[in-house]
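This report covers selected features of one model. Please look over the sequence and the structure first.

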Amino acid sequence: MPIEKITSRLTSDQKLRELAGAFYTCADTARAKSADHATEIMRRGGWKLINENVYDLGPLKPIVSNLIKRCLELVGPEAINEREVYRLAWASVDIASPIPDQVANFLKELSSEIRAKVRILHPCYSVRVEEVREVQIGPVAVRLTDDVDRDLGPESGIRLTTEQPDGFQIIDGKSFVPLTPTCWDIELQSKIGNLEVEARWHTYVFTSLIRLIGYPQFTGPFSPNIGDVEAGPTEKPRSKQSSVTFYDTRSSFGGSWVPLHYVVGSAFVEHMKGKPYYSKLSILFNPPPNSVAERLQRGLGWMARGRISDDDTERLLFFFTAAEALLSDNDKSAPVVQNIARRGAVILSNDVTRRIEIAKLIQDLYAMRSDSVHRGTRRVHGYHARQVQNIVEAIHEAVLDKYDINKPSGDFHATLSRASFGLPWPEQVDIMPPGP
């Protein structure tokens, strides 16, 4: 959601202002009015010290909880988290200021910190750059760590190193931070969001885009095939076997491998820039509300979760979550599986007979998903998970390639519903509006 819309929702919400006013009114009542009163509160436990004033947290807990809950209802986790709202609420407590001024200051500080950009650098294990210094899509880039270190300069007090062991060190007043030779360089839109979670989600979306755009021709020799487990974007992957397996009178142990990842270079960058949708890729990281881009971003993230899992049941669940994120809507007249099956088939083929076959396959595979979710079964084989991955990746690639992702998701779903009656998709003729 755009920053200005987020801050506008907060500052214009009357209920939020009322809850903030209730908090600051109650805080004034809960403040110790004498040294003896302060001692009594502190002996009971559950107190907070602000500007040399002691506050009894007992009566404040439900009120501040309601204030935080309202903030979370108005704004998503990408922009705020509970801990930071709590901190900012208390930071605006001021016994010298009237209650309305404290409320106004709280909303001002909340909006200011949401507007503050944050840069996060992370080790990168799922993508490596060759022949180029960086590959960037919107606010996310994979860059050579040496370049990032050079750009930071000595005045930052931070040195990035690819040679140090795990764990940072402080030497001569400088912090040496170990990163992989290629690192993530991510800009987030809010200082008080769930930073690590949102940064990781951005890497999921980025990695899925790399795969949809360039696999297999432009993503290197270690690219994961359908069904392969790929390296997680930010967590160091396992590369050797430490267990021992016994069978009959024999045993097996040991072994090592190269974690599967994408290698991108000048050929990939040229190929990506040649795509007709290239100029629209950046909006996937901050998509308009209720747009196809928003749905596509969700699907891209869940697909990455599926690819890094080594459990076939988990993989099938994550890939179907991606399909639902893109294809489902609020239509209660048909089961979710029918909507996904019909719409997925429409996207993948304009041949009616072939659509029927694809829809039947999706329904059969979705039955396994329902069995796992509702009965806890684990009957999924690699073959089933590969089928779902193949279908869901093809659906997302087709939407990215053939449809304007800036359009409302409702219009997108409507085109799919109309096409399910035998029309081609994307629609190749104008749909005449009904007469008067």
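This is a predicted model: local features need pLDDT of at least 70, side-chain atom pairs count only at pLDDT 80 or more; totals for chains, interfaces and linings use all residues.

## Helices H8 and H9

Helix H8 spans residues 195–214 and helix H9 spans residues 266–273; their axes come within 10 Å and cross at roughly 80°. Angles of 65 to 115 degrees count as roughly perpendicular, and H8 and H9 are therefore roughly perpendicular to each other.

On the H8 side the contact involves Ile210, Ile213 and Gly214, which meet Phe268, His271 and Met272 of H9. By class, the residues of this contact are four nonpolar and two polar, with no charged residue.

## Helix H12

Helix H12 has 13 residues, 336–348. At 1.5 Å a residue it should span 18 Å, and this agrees with its end C-alpha atoms, which are 18 Å apart.

Buried residues of H12 are Asn339, Ile340, Ala341, Arg343, Gly344, Ala345, Val346 and Ile347. These buried residues pack against four helices: H11 (312–327), H13 (352–375), H14 (382–402) and H15 (409–419).

## Cysteines

The structure holds zero disulfides. Cysteine 26 is in none, and the nearest cysteine sulfur, that of cysteine 71, lies 17 Å away. Cysteine 26 counts as buried because its relative accessibility is 15%, the cut-off being under 20%.

For cysteine 183, the closest cysteine sulfur is in cysteine 124, at 7.9 Å, which is too far for a bond; a disulfide requires sulfur atoms within 2.5 Å. Cysteine 183 is also buried, with a relative accessible area of 0%.

Conventions:
Residues are numbered from 1 along each chain as its sequence is written. Side-chain values use heavy atoms; hydrogens and water are left out. Axes are lines fitted to C-alpha atoms, for helices over the stretch in contact, and angles run from 0 to 180 degrees between N-to-C directions. Helices (H or I, at least four residues) and strands (E, at least two) are DSSP runs, numbered from the N terminus. Angles under 35 degrees count as roughly parallel, over 145 as roughly antiparallel, 65 to 115 as roughly perpendicular and the rest as oblique. Contact means heavy atoms within 4.5 Å. Ala, Val, Leu, Ile, Met, Phe, Trp, Tyr, Cys and Pro count as nonpolar, Asp, Glu, Lys and Arg as charged, and the others, Gly among them, as polar. The expected span of a helix is 1.5 Å times one less than its number of residues. Buried means under 20% relative accessible area, exposed over 50%, partly exposed in between (1.4 Å probe, protein chains only).
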